[in-house]
Amino acid sequence: PPPDAPASLAATVVSTSRIDLAWSAASGASSYTVKRSTTSGGPYDTLATGHLTTAYSDFTVAPRITYYYLILAVNNGGESASPSTGRARNRRASLR
């Protein structure tokens, strides 16, 4: 079966060129897929697949843009049914 969904995604604006993501491990996950959009609800672009830890640093951000992130847990059974989502506005530093 697919893994449980990851939980508690937090997005932290570190600088105008970096947002750090962290989430809780998902039961049964062997890796994670990290996706990002500039529109709530997508479409999402894939930033990383096969990611092995519960943290990710996005260095491809621009100032004054709100980013919406989606984390999926993955194993041999497929992707988690529901993603963990988060949002950060890179202004240098309004975070939601």
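**Labels and cut-offs**

Modeller: Let's start with D20, which touches A10, A11, T12, V14, Y56 and S57, leaving out residues up to four places away in sequence; contact here means heavy atoms within 4.5 Å. This is a predicted model, where local features need pLDDT of at least 70, side-chain atom pairs count only at pLDDT 80 or more, and totals for chains, interfaces and linings use all residues. Residues are numbered from 1 along each chain as its sequence is written, and side-chain values use heavy atoms, with hydrogens and water left out.

Colleague: What makes the link between the side chains of D20 and S57 a polar contact?

Modeller: A polar contact is a pair of N or O atoms within 3.5 Å; within protein, one must be able to donate a hydrogen and the other to accept it, and residues adjacent in sequence count only if both atoms are side-chain atoms. The side chains of D20 and S57 are joined at 2.7 Å, so the label polar contact applies.

Colleague: And why is N90 called buried?

Modeller: Buried means under 20% relative accessible area, exposed over 50%, and partly exposed in between (1.4 Å probe, protein chains only). N90 has a relative accessible area of 0%, so N90 counts as buried. Its contacts, again without residues up to four places away in sequence, include V13, I19, V61, I65 and Y67.

Colleague: Why are the rings of W23 and Y32 called edge-to-face?

Modeller: Rings of Phe, Tyr and Trp (its six-membered ring) pair if their centres lie within 6.5 Å; planes under 30 degrees apart count as stacked, over 60 as edge-to-face and the rest as tilted. By this rule there are two aromatic pairs. The W23 and Y32 rings have centres 5.5 Å apart and planes at 70°, so this pair is edge-to-face. Both W23 and Y32 are buried.

Colleague: What makes the Y67 and Y69 pair tilted?

Modeller: Y67 and Y69 sit 6.4 Å centre to centre with 40° between the planes, so they pair and fall into the tilted class. Y67 and Y69 are buried too.

Colleague: Which residues touch the most other members of the largest nonpolar core?

Modeller: A nonpolar core is a set of buried Ala, Val, Leu, Ile, Met, Phe, Trp, Tyr and Cys residues joined through side-chain atoms within 4.5 Å. Of the 17 residues in the largest one, I19, L21, W23, V34, Y69 and I71 touch the most other members.
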